[in-house]
Amino acid sequence: MGVATVTELRQSISGKRTFRPSLASRHHNDQWPPTDVSSDLKVEVGTSSFALHKFPLVSRSGKIRKLLSEAKDSKITKLNLNGTPGGPQCFELAAKFCYSVNVEITVSNVAMLRCASHYLLMTEDFSEKNLESKTEIFLKETILPSISNSISVLRSCESLLPMSEEIGLVNRLINGITNNVCKEQLTCGLSKLEQNSLIKPLEANNPDWWGKSLSTLGLEFFQRVLYSVKSKGLKQETISRILINYAQNSLQGLMARDLSSIKGNISDNETLKKQRSILETIVSLLPTQSRKSPVPMAFLSGLLKTSNLVSASIICKGDLEKRIGLQLDQAILEDILIPFNTHTGNHNHMLYDTDSVVRIFTIFLNLDEEEEDPNNLCYDFDTPRSSKQSLILKVSKLMDSYLAEIALDSNLMPSKFISLAELLPDYARVVTDGLYRSADIFLKVHPNIKESERYRLCKTIDCQKLSQEACSHAAQNERLPVQMAVQVLYFEQIRLRNALNGNHDQFFFNLVNSQYPQRSGSGVGSGTISPRDNYALVRRENRELKLEVARMRMRLTDLEKDHVSMKQELVKVNPANKLFKSFTKKLGSKLNSMFRMKSEIKPFGGKTGTDAKFLFQRKRRHSIS
């Protein structure tokens with residue numbers, strides 16, 4: 001009944017007997033499984049078994065032919081092929097191909113069919129147009145020319161390891177993706193040069209963008225693809241978008257601003273280890289560190305927050321801290337609110353990781369020691385014409401906001417808060433109201449700190465840079481040390497005295513020059529602040545001076561009225577009294593001197609002496625009155 005013996009098979013293999021094609025041709029009509037001829041071979045693959053025939057299988061598969069020819073039992077009826085790539089599903093497709101049943105090769109099954117053809121030795125050595133050649137044609141014509149198809153097939157190769165690696169399929173797909181990506185980048189670059197070109201580059205917001213398909217890959221294959229495209233010169237902006245998209249799909253809660261939502265996404269140790277591995281890989285794939293890096297600050301901040309929560313390595317955290325420090329002027333408050341590591345076992349931990357923020361700000365302050373921009377030789381923060389000065393003024397406001405936020409943490413140690421307050425140099429702040437406010441909040445939340453720490457904290461506040469409102473508040477603040485209250489009153493008296501003497505401008509400019517001393521070896525003073533900040537400061541000082549002059553005028557008017565009424569009363573009582581006459585004469589002379597001083601203090605009009613006129617004309621250039 002068509003059952004072949006091992007002897008017949010051996011004769012067929014040796015060429016002494018040819019294979020009868022009638023058995024295979026009976027099933028060209030896609031009938032599966034075949035039922036018109038009784039089975040003579042049972043093949044087991046995993047938990048599945050297939051009742052098949054020897055002749056169709058040995059005609060296509062060199063492995064099955066070899067197993068049957070080497071069998072000791074001449075009437076073998078059972079084979080075990082558990083090592084078939086793709087399992088029972090793939091073997092069934094390969095068996096159908098042996099029976100000449102039409103098997104459709106698609107993007108989803110080409111990888112496992114290619115691996116199965118290698119495992120079963122379904123090559124041209126045993127039959128023309130065998131399964132291996134069919135899959136190779138499909139790979140070359142359909143898969144490798146397309147980026148998205150290559151990524152899909154590469155994803156299916158993950159479950160076919162190590163066979164997909166042994167036959168070189170993985171490397172071929174990665175190389176195909178790299179070459180096509182470079183071609184696309186070149187095409188997009190050329191299209192920008194053509195004004196009337198209809199070719200438009202694919203963007204990250206396009207649902208068909210190939211970069212989004214990479215997020216479906218496992219970590220190992222994703223890493224290999226990124227290394228390959230980076231080595232071929234893929235743009236850093238594109239690499240950044242790919243990494244952001246992959247992180248959003250692989251890391252739980254990465255982009256969340258709310259710290260509690262991030263913590264809630266990390267549940268067990270396995271998830272923790274997986275996220276740590278993904279995070280460290282993503283950080284290693286980031287573009288080169290630079291102030292002009294295309295990686296967004298929000299993304300870097302999210303990576304650093306997650307690195308703290310998953311206990312990433314010191315190298316990984318240091319890399320992220322340096323990247324954030326290089327672009328710190330682009331950060332907002334939420335970006336530097338780094339949560340404290342919750343896996344340390346300490347239940348009384350602080351809310352925020354202040355040590356990390358100290359390192360970030362230190363990196364930013366040390367930028368003048370690095371040659372970031374070879375075209376900009378003037379790179380110091382305190383250089384008059386340097387753009388770094390405006391950057392550090394912006395960063396100082398960020399620091400003040402950060403101090404005010406962390407001051408509410410009752411578990412924050414005073415030494416850490418003070419070290420942050422002392423971190424920025426004196427010239428970083430034009431006005432110290434923000435620093436005073438954060439210090440006041442900290443003293444209110446931490447009333448039991450040592451007096452030495454209280455004094456050290458308040459010592460960081462430059463009372464000469466406090467606004468009038470802040471000075472008034474500080475003079476009545478019982479939480480401050482006595483020394484600071486006295487210092488505030490002292491500088492307020494100096495300010496008032498200079499205002500009355502018409503030297504307010506000179507006092508202000510001397511104050512600015514003392515804040516920005518000249519650098520040794522430099523021919524230009526380093527005290528000039530940015531025009532916008534200088535304009536705002538002078539405008540505020542002009543308003544304060546106007547108020548002081550108005551108050552003085554009111555006092556002089558009251559004194560004049562009192563003098564007239566007192567003189568009249570004294571004359572009525574005893575007009576001939578010389579003592580009263582001399583008293584009134586002296587009082588009059590004093591008032592006349594005050595009136596002369598009143599006439600001199602006219603900063604916004606009126607004729608004064610040469611010196612006073614020069615000083616106030618210098619100020620009027622910045623006034624809008």
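Two strands are taken to pair if DSSP finds at least two bridges between them. Helices (H or I, at least four residues) and strands (E, at least two) are DSSP runs, numbered from the N terminus. The model is predicted: local features need pLDDT of at least 70, side-chain atom pairs count only at pLDDT 80 or more, and totals for chains, interfaces and linings use all residues. Residues are numbered from 1 along each chain as its sequence is written, and side-chain values use heavy atoms, with hydrogens and water left out.

The secondary structure of the protein chain comes to 28 helices and 3 strands. The chain has 625 residues, of which 45% count as buried. Buried means under 20% relative accessible area, exposed over 50%, and partly exposed in between (1.4 Å probe, protein chains only). Contact means heavy atoms within 4.5 Å. Among contacts between residues at least 6 apart in sequence, 72% join residues at least 24 apart.

The 3 strands form an open sheet in the order 2-1-3, with mixed pairing. Strand 2 and strand 3 are the edge strands, and each pairs on one side only. On average, neighbouring strands of this sheet are turned by 20° against each other, direction ignored. Axes here are lines fitted to C-alpha atoms, for helices over the stretch in contact; angles run from 0 to 180 degrees between N-to-C directions.

Strand 1 covers residues 41–45. Strand 2 covers residues 48–52 and runs antiparallel to strand 1, joined to it by 5 bridges. Within this pair, V43 has F50 of strand 2 as its bridge partner. E44 is partnered by S49, also in strand 2. The two strands form a hairpin with 2 residues between them. G46 lies in the turn and has a positive phi of about 65°. On the parallel side, strand 1 pairs with strand 3 (residues 78–80) over 3 bridges. K42 stands opposite K78 in strand 3. Strand 1 has a covered face made of L41, V43 and V45. Its uncovered face holds K42 and E44.

Helix 5 (residues 87–98) packs on the sheet. Helix 5 touches strand 1 and strand 2, and its direction makes about 15° with that of strand 2. Helix 5 also packs against helix 6 (residues 110–119). Two packed helices are described by the angle between their axes and the distance between the axes. For helix 5 and helix 6, the angle is about 70° and the axes are 10 Å apart. The two helices are therefore roughly perpendicular to each other. Angles under 35 degrees count as roughly parallel, over 145 as roughly antiparallel, 65 to 115 as roughly perpendicular and the rest as oblique. Q89, C90 and L93 of helix 5 make the contact with M112, L113 and A116 of helix 6.

L121 lies in the loop between helix 6 and helix 7 (131–143). At 33% relative accessibility, L121 counts as partly exposed. Leaving out residues up to four places away in sequence, L121 touches R60, S61, G62, K63 and F126. L121 and K66 are 55 residues apart along the chain, and their C-alpha atoms are separated by 9.9 Å.

Two serines in helices were examined next. S228 is found in helix 12 (residues 219–231). Its relative accessibility is 13%, so S228 counts as buried. Residues up to four places away in sequence aside, S228 touches I174 and T178. S307 is found in helix 16 (residues 297–309). With 0% relative accessibility, S307 counts as buried. A polar atom of the S307 side chain lies 2.5 Å from the backbone oxygen of L304. Neighbours within four places in sequence aside, S307 is in contact with L279, A312, K317 and L320.

D335 lies in the loop between helix 17 (314–326) and helix 18 (354–365). At 3% relative accessibility, D335 counts as buried. The C-alpha atoms of D335 and M297 are separated by 7.4 Å, although the two residues are 38 residues apart along the chain.

Helix 23 spans residues 468–475, and its buried residues include Q468, A470, C471 and A474. These residues cover an arc of only 160° around the axis, which puts them on the same side of helix 23. The arc is that of the directions from the helix axis to the C-beta atoms. An α-helix has 3.6 residues a turn, so residues three or four places apart point the same way.

Definitions and conventions
A polar contact is a pair of N or O atoms within 3.5 Å; within protein, one must be able to donate a hydrogen and the other to accept it, and residues adjacent in sequence count only if both atoms are side-chain atoms.
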